[in-house]
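I am opening a notebook on this structure and will write down what I looked up, entry by entry. Each entry takes up one topic.

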Amino acid sequence: MDPSETELMLKGYGLTTAEFTYHMPDFAHVLNTFVWQDYDLAPDHPRLLSFIDFWKEEIEGPLHHVRFSHRKMMSSGEWRHVVGEFHLN
């Protein structure tokens, strides 16, 4: 079973968002964009690099450029286990 998003964040993963700008296969002078998101490890970004390799091998539209950002959503020191809740009317 795949780990949950919370488990990934506690292991140091952060949300990586990448915008791929690529040439349309049939119209070489037309650019299009594709947005990709996944949890990845900085600074190496193995999942992003794996997706770029996949794109180069399997997708017909050649890449023009890739722009990405990475945000570590939570670290182990920021997470707290909450034991109760209060309900307000």
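This is a predicted model: local features need pLDDT of at least 70, side-chain atom pairs count only at pLDDT 80 or more; totals for chains, interfaces and linings use all residues.

**Entry 1: the strands**

In what sense do β1 and β2 pair, and over how many bridges? I looked up this pairing and noted that β1 and β2 run antiparallel to each other, joined over 10 bridges.

**Entry 2: the order of the elements**

I stepped back to the whole protein chain, for which I count two helices and three strands. Read from the N terminus, the elements follow the order α-β-β-α-β. The protein chain has 89 residues, and 21% of them are buried.

**Entry 3: the nonpolar core**

Which residues make up the largest nonpolar core? I listed eight of them, namely Ala18, Phe20, Tyr22, Trp36, Leu48, Phe51, Ile52 and Trp55. Two elements, β1 (14-23) and α2 (46-58), each give two or more residues to this core. The largest share comes from α2, which supplies four residues.

**Entry 4: helix α2**

I followed α2 next, a helix of 13 residues that spans 18 Å from its first C-alpha to its last, close to the 18 Å expected for it at 1.5 Å a residue. Its buried residues are Leu48, Phe51, Ile52 and Trp55. These four lie on the same side of α2, because the arc they cover around the axis is only 100 degrees. I set beside this a general point: an α-helix has 3.6 residues a turn, so residues three or four places apart point the same way. Against what do the buried residues of α2 pack? I found that they pack against β1, β2 (31-40) and β3 (63-71). On the face turned away from the buried side, α2 carries the exposed residues Glu57 and Glu58.

**Entry 5: the aromatic rings**

How many aromatic pairs are there? My count comes to nine aromatic pairs. I looked at the rings of Phe20 and Trp55, and I call this pair stacked because the centres are 5.5 Å apart and the planes stand at 5 degrees. Since Phe20 lies in strand β1 and Trp55 in helix α2, the pair ties together parts that are 35 residues apart in sequence. Both partners are buried, Phe20 with a relative accessible area of 0% and Trp55 with one of 5%. I also noted one aromatic cluster, formed by Phe20, Tyr22, Phe34, Trp36, Phe51, Phe54 and Trp55.

Is Thr16 buried or exposed? I found this residue in strand β1, and with a relative accessible area of 0% Thr16 is buried. Not counting residues up to four places away in sequence, Thr16 touches Trp36, Gln37, Asp38, Asp40, His45, Leu48, Phe68, Ser69 and His70.

Thr21 counts as buried, because its relative accessibility is 7% and the limit for buried is under 20%. Beyond residues up to four places away in sequence, Thr21 touches Leu31, Asn32, Thr33, Leu63, His64 and His65.

Last I looked up Phe68, which is found in strand β3 and counts as partly exposed at 42% relative accessibility. With residues up to four places away in sequence left out, Phe68 touches Thr16, Thr17, Ala18, His45 and Leu48. I also compared Phe68 with Gln37: the two are 31 residues apart in sequence, and their C-alpha atoms are 9.5 Å apart in space.

Note on methods. Residues are numbered from 1 along each chain as its sequence is written. Side-chain values use heavy atoms; hydrogens and water are left out. A nonpolar core is a set of buried Ala, Val, Leu, Ile, Met, Phe, Trp, Tyr and Cys residues joined through side-chain atoms within 4.5 Å. Buried means under 20% relative accessible area, exposed over 50%, partly exposed in between (1.4 Å probe, protein chains only). Rings of Phe, Tyr and Trp (its six-membered ring) pair if their centres lie within 6.5 Å; planes under 30 degrees apart count as stacked, over 60 as edge-to-face and the rest as tilted. The expected span of a helix is 1.5 Å times one less than its number of residues. The arc is that of the directions from the helix axis to the C-beta atoms. Contact means heavy atoms within 4.5 Å. Two strands pair if DSSP finds at least two bridges between them.
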